[in-house]
Each structure stands twice: as C-alpha cells, then as structure tokens.
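Hello,

Here is the structure I promised to pass on. Please open it alongside this email.

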Amino acid sequence: MDPMKKGYIRTYLTIPLDMIPLMIVVTIGLYVYSGKAAGLTMLLVTIFYAVIIIASYLVEKKKITDEIIKFAAEYGTVQKELLKNFQLPYAVLDENGRFLWMNDTFSEKTGEKPDYKKSIANLFPELSREALEKIDEEPVKIRVEHEDRIYQAVLQKMDFKAESNNGDFGKMLGGTLISVMLFDETAHEKLKKSFNDQKLVTGLIYIDNYDETIDSLDDDVKKSLIRAIIDRKIGKYFRQADAIIRKTDSDKYFIIFQQKYLKKLEENKFSILDDVKNTKVGNDREVTLSIGIGKGAKTYSQSAEYSRAAIDVALGRGGSQVVVKSKNHVSYYGVRGKEVEKTTRVKARVKAQALREMMETKDSVIVMGHQISDVDALGAAVGVYCAARELGKKCQIVLNTITTSLRPLVDKFTTEDGYPEDMFINSERALELVNDNTLVMVVDTNRPSYTECPELLEKSQSIVVFDHHRQGSERIENPILSYIEPYASSACEMIAETLQYFSDRMQLAPQEADCIYAGILIDTNNFMTKTGVRTFEAAAYLKRSGAEVTRVRKLLREDMATYKARAEVVRHAEVYRGSFAISVCQTDEVESPTIVGAQASNELLNIVGIKASFVMTEYKGKIYVSARSIDEIDVQLIMERLGGGGHLNVAGAQIENATVDEVKQRIKDILDAMIEEGEIRE
C-alpha cells in the first residue's frame with residue numbers, strides 16, 4: 001500500500017502539533033497533583049512551545065509545499081528521468097504563474113536556470129496572470145514568442161485536492177497547479193507565412209473619367225501622349241510588386257502579383273492614385289483611377305470574384321480610390337477628395353431604360369427609403385411612384401414614421417387629388433403584399449439594415465437600388481439593377497434625371513415636382529453643398545414640370561419648437577481642439593430629432609474656425625450622428641471608423657448599445673488618432 005495514501009507523511013509532519021494537546025493534559029495533571037507552581041510552570045512551557053511550533057508552520061509552510069512538490073516531481077527514478085530529460089519543454093507553475101519546477105529542455109529553450117522561481121509572464125508576456133485565470137479544466141493553447149522563436153503553449157490546470165481525496169499529499173499542497181508544455185511552431189509559422197506570401201492576388205484598374213479626359217483634348221498627339229503616360233505610370237508602379245499587367249480595354253487593366261507585395265503597396269497608400277491624378281498634358285480634368293484588389297482567396301476564381309466585388313465598391317463610392325477585399329474584410333485607400341463628377345448622362349439614360357423594362361415585367365412596385373425617412377427619401381419614392389403610374393403599375397411607398405418635416409408633403413397626396421388611400425403603407429402591410437411579381441425598389445440608402453423594412457429584401461428576388469451614398473462593406477446583395485452615384489447631390493437628383501429618360505410622355509403634377517425639388521433643396525442645403533452641373537439641370541427640369549420655389553419653401557417651414565431645439569444644439573456645442581464642433585440634440589419636445597440634428601450640424605459650419613461638426617441624437621434606442629464639413633475635413637473617413645459612412649462633406653452613423661457620452665468620447669478618440677496619423681491636419 002502506498003504510504004502517501006496511508007497518511008504517514010501527514011502524521012509525521014503533524015507530530016509537533018499533536019504534542020500540544022498532550023502537553024495541555026500534562027499541565028492539568030501537574031496542577032492537580034503536584035501543586036500550583038508546577039502547573040503554572042508547565043503552562044508557560046506549553047504556551048511557549050505552541051507559539052514556536054505554530055509560527056514555524058506558518059513561516060515554513062510555503063517552503064514545505066515547494067519541497068513536497070519537488071519531491072513529487074522527482075519521486076521515483078524512472079519518473080524523474082522521464083520528466084527531467086523529456087525533449088519537450090515542460091514546467092509546473094503555481095496558481096499565480098510562478099515557476100515551481102522546469103525540466104532541462106524548458107531551461108535550455110528559455111535560457112533560465114532550473115531553479116528559476118519568477119513569474120512565467122517575465123518570459124512570455126502573453127501568459128499574464130489574467131490569461132492564466134481563464135484556464136479551465138480543458139487544456140488551453142496560447143501562441144507565445146521568445147527570442148525570435150514562436151511557440152504554442154499548452155496549459156492545463158491540475159487540482160491535487162481533487163485527485164487525492166483519499167490521501168494527504170493533496171491536502172499538504174492545498175492549491176491548484178498549472179502544467180505548461182511548449183511546442184515550437186517557428187518552422188510551421190515560417191512555412192505558413194511563405195505560403196500566404198505566395199498566394200495569388202488579382203486586381204482590376206479602371207480609369208474613372210477616361211472618355212471625358214480624352215475628349216477634352218483637341219490634339220491627337222496629346223491624346224496619344226496622355227495614354228502613354230498613364231500606361232507608363234501604372235506599369236512602373238506595379239512593377240515594384242513584380243506584377244503581370246494586361247490592358248483589357250482602353251481604360252481597363254488586369255493585374256496579378258504575389259500577396260507579399262501587397263503590404264508595401266498598402267503602406268504607401270497606393271501612391272499611384274496621386275501620381276496619375278497629377279498627369280497633365282493640356283487636359284483640364286484630373287485623371288483618376290479606381291482599383292479593386294482581391295486577396296486571401298482559396299482559389300484563383302475566388303480571387304477574381306473578390307477583385308470584381310472590390311472594383312464595384314470602389315466605383316460605387318465615387319471612384320478615385322482603392323478597395324482591397326478579402327473574405328470578411330474590406331479596406332479603403334485614397335478616399336480623400338470629392339467624388340468624380342460625370343457630366344455625361346449616358347448612364348442615367350441606360351439605367352432609366354433598364355428600370356422601365358423591369359417595371360414592365362412586374363405587376364406592382366413597392367418602394368422604400370431609409371428608417372425615419374427624410375425629404376430626399378420621400379421625394380425619390382414619389383418619383384418612382386410617378387414612373388410606375390406612367391406604365392399603369394400599382395406603386396406603394398413604405399413609410400413607417402411620418403415626421404413633422406414630412407407631414408406637409410405627405411398631406412399633398414390625397415384621394416381628392418386622385419391618389420389612392422394606400423399610397424403610403426407600413427412595413428407589416430408591405431410584407432403581406434410582396435410576391436414574386438412585385439418589384440422592390442430601395443432609394444436613398446444601400447445598406448439593408450438602414451431600410452424601412454429589411455425583411456422585405458429577404459422576401460423579394462427582384463430588387464432595384466437607387467442611391468447617392470458611398471457603398472460600404474454592408475450592402476444589398478444581388479440586386480437586379482443597382483444605380484449608385486456618389487457624385488450626385490441627392491437621390492431626388494438621380495430620380496429626376498431618370499424620369500427625363502423614362503418616357504417621352506412623362507408628366508409630373510405640381511405637388512410631385514415640389515416633393516422631388518424639396519429633396520434636392522434639403523440635401524444640398526439650399527444648393528450650397530455637393531452641387532454640380534447635373535444638380536441644377538435636374539432642378540431646372542423639375543421647375544419646368546411645375547415645381548414652385550415659394551410653395552416648396554412654405555412646405556419646408558418648421559414649428560417654433562424645432563427652431564428652438566436647433567438653436568439649443570448650437571448654443572451648447574463644445575469646440576474640440578479648436579476646430580471641431582460637437583453637440584447633442586435633445587429629443588424631449590421635438591418630433592423629428594434626427595432631422596434637427598442634421599440641420600444643426602449644418603448651422604455649426606457657419607461659425608468661424610469650425611472645420612467639421614458632429615451632432616448626436618438619441619432616438620428609439622440608437623445614437624444618430626450627423627457629421628458635416630465644408631472642404632478641409634473628410635467626415636466620411638471619420639464616420640466609417642464609427643461604423644457609418646457618407647460623403648466628403650456629409651456623413652453619418654447609427655450606433656446601438658451605447659450612450660451619448662460614450663459616442664462623444666469615441667468621436668474625440670477618432671479625431672485624436674487621425675490627427676496623430678496625419679489623416680487630419682489641424
């Protein structure tokens with residue numbers, strides 16, 4: 001029988017303690033039979049003895065435990081030799097991570113002596129006390145590094161109390177131990193890195209405004225020269241990545257290179273964008289590139305799919321940038337600056353005809369904008385209603401919340417004027433009506449989670465998207481028609497252009513033209529933001545169709561509570577770092593607080609010295625952020641880091657599970673980081 005299980009060690013170690021009760025009995029006997037003096041003398045001896053013994057146990061307990069552990073580790077010649085000379089690095093820690101024992105291999109790998117007693121975190125910072133506390137009964141694997149070597153540390157708890165219920169060895173240890181084994185993964189990691197570095201990366205390069213740039217040159221020599229310069233610059237830049245470049249069209253290129261070169265291109269933030277933009281051969285327009293790159297794919301065809309999706313996102317965000325896409329991540333480069341405005345309306349005509357053909361194949365149309373619809377979303381939806389009516393198709397607009405800013409416009413579409421009672425419906429009704437013969441159209445947003453009824457997108461196979469916001473990583477999947485133009489001032493501008501080419505007989509009622517015109521007016525802040533030639537052309541078309549500026553102005557007037565709320569936002573604004581206005585819109589007495597927040601962020605830009613403004617609004621469990629700037633700050637970059645998006649001067653975000661104070665601090669942290677990184681100049 002194992003003497004450890006018999007409790008012999010415990011009996012041996014506790015004999016001094018067991019003597020104390022015996023001495024107390026002797027003390028009492030002496031007191032009774034030998035007199036008071038003998039009893040008191042024995043009592044003093046007993047007390048002195050007890051104090052010495054108990055103090056010794058308390059002081060020496062840790063040393064005794066260490067010696068027992070050492071004995072246990074070396075117990076038996078075979079076990080000792082197996083552990084000590086074990087080729088796998090092996091060590092034992094106490095529950096606090098302090099070394100109790102290590103074998104020779106562990107000592108050799110770490111460069112420490114076998115009697116090293118400090119915390120393992122001193123050798124491997126990854127194995128902090130917090131990390132050790134997370135170890136459960138199952139082994140835990142943690143990647144660690146030491147002196148240019150990479151290890152996989154396998155840690156497991158050993159509870160001696162649980163394993164020694166019938167004996168006293170576990171009782172003497174009185175705690176939990178942690179075993180550590182190190183597996184050298186250096187060669188494997190190098191092989192893995194080499195494999196990843198040699199993966200195929202495909203890319204597509206498009207010249208955004210090739211036709212406009214070439215047409216602006218009246219000299220054939222200059223046209224040939226600018227083509228040659230662009231080809232040379234693209235070839236020279238990607239030769240540093242040892243890339244294969246093939247020109248597939250006059251304005252399109254296909255490239256292939258190894259993934260190890262991608263990091264270098266990302267570090268210089270694809271300087272080819274600025275290099276090509278500075279190309280001048282008598283051309284008035286800047287030449288800009290859009291590049292889509294797919295990385296991390298398992299197959300060549302998948303890499304090509306990633307690059308195709310990336311170039312679509314780059315073009316959908318306005319061009320003049322690089323999008324790098326992997327399976328679960330999208331990175332953007334070169335997003336500074338205004339979107340590339342296209343003066344030609346060929347694309348608008350093509351999209352208008354495509355929309356007409358799709359509407360003709362369906363029995364009905366359901367159109368929706370984003371949650372808490374604004375005037376731009378409503379105006380665009382009304383424009384789609386007019387297009388469907390021209391084809392004799394029933395069209396209904398999903399509108400869950402009619403805010404005070406929308407009420408005057410919605411009230412214009414009454415049954416007395418010939419509009420159906422169910423022209424505006426809620427999400428529940430829309431889900432009941434949608435079927436295989438229904439065309440679902442989304443306007444003024446391209447994010448499914450932002451729409452009035454995301455479930456509607458899941459129930460329909462025929463989806464059309466018209467939007468003027470830049471695309472992000474979240475987007476509506478597989479629409480049969482997607483028309484996203486970030487250079488456009490508003491969705492109403494895009495719809496107004498579309499209606500011109502939709503039908504030669506297209507007629508708009510005055511209230512319809514007013515509604516679409518109002519959307520342009522609001523999104524351009526009275527034609528002061530994001531206006532281009534096509535913006536005024538669309539406004540002129542609506543004016544010819546019956547829009548009246550005075551009538552629209554009356555429709556857009558606001559009540560006194562809204563005006564005061566906006567003034568309060570401006571009054572309580574905090575100026576951060578001397579250039580950024582940050583404020584909060586209170587929602588107590590305002591029916592449409594998000595719209596007030598957007599208006600207030602525009603107002604704050606009228607203050608001298610303010611480069612960008614941010615207004616937060618807490619509404620229906622979310623924090624809505626409206627960000628605005630004039631020209632110096634790209635607020636879209638800031639909002640993307642916050643989880644939102646938008647344009648150079650107009651952007652926003654919707655944040656859940658956060659407080660206003662938390663979001664305000666996050667905005668400040670983002671501004672600090674971007675200033676430190678050089679993304680923003682103070």
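Below are notes on one helix pair and on the salt bridges. Keep in mind that this is a predicted model.

**Helix pair**

Start with helix α20 (residues 491–502) and helix α22 (residues 533–544). Their axes come within 9 Å and cross at roughly 60 degrees. That makes α20 oblique to α22. The crossing of the two, α20 and α22, is left-handed. On the α20 side, the contact is made by Glu493, Ala496, Glu497, Leu499 and Gln500. On the α22 side, Arg534, Thr535, Ala538, Tyr541, Leu542 and Arg544 take part. The residues of this contact divide into five nonpolar, two polar and four charged.

**Salt bridges**

The structure holds 26 salt bridges. Here are some of them.

- Asp231 and Lys247 meet at 3.2 Å, N to O. Asp231 lies in helix α11 (residues 220–239) and Lys247 in strand β7 (residues 244–249), so the pair ties together parts 16 residues apart in sequence. Asp231 is partly exposed, at 29% relative accessible area. Lys247 is also partly exposed, at 39%.
- Lys233 and Asp275 meet at 3.5 Å, N to O. Lys233 sits in helix α11 and Asp275 in helix α13 (residues 272–277), 42 residues apart. Lys233 counts as buried at 17% relative accessibility, whereas Asp275 counts as partly exposed at 37%.
- Lys622 pairs with Glu656, with the closest N and O atoms 3.8 Å apart. This pair links strand β21 (residues 622–629) to strand β23 (residues 650–656). Lys622 counts as buried, at 13% relative accessibility.
- Arg143, Glu145 and Glu189 are linked in a network of salt bridges.

Best wishes

Methods: Residues are numbered from 1 along each chain as its sequence is written. This is a predicted model: local features need pLDDT of at least 70, side-chain atom pairs count only at pLDDT 80 or more; totals for chains, interfaces and linings use all residues. Side-chain values use heavy atoms; hydrogens and water are left out. Axes are lines fitted to C-alpha atoms, for helices over the stretch in contact, and angles run from 0 to 180 degrees between N-to-C directions. Helices (H or I, at least four residues) and strands (E, at least two) are DSSP runs, numbered from the N terminus. Angles under 35 degrees count as roughly parallel, over 145 as roughly antiparallel, 65 to 115 as roughly perpendicular and the rest as oblique. A crossing is left-handed if the near helix is turned anticlockwise from the far one by less than a right angle, and right-handed if clockwise. Contact means heavy atoms within 4.5 Å. Ala, Val, Leu, Ile, Met, Phe, Trp, Tyr, Cys and Pro count as nonpolar, Asp, Glu, Lys and Arg as charged, and the others, Gly among them, as polar. A salt bridge is a side-chain nitrogen of Lys or Arg within 4 Å of a carboxyl oxygen of Asp or Glu. Buried means under 20% relative accessible area, exposed over 50%, partly exposed in between (1.4 Å probe, protein chains only).
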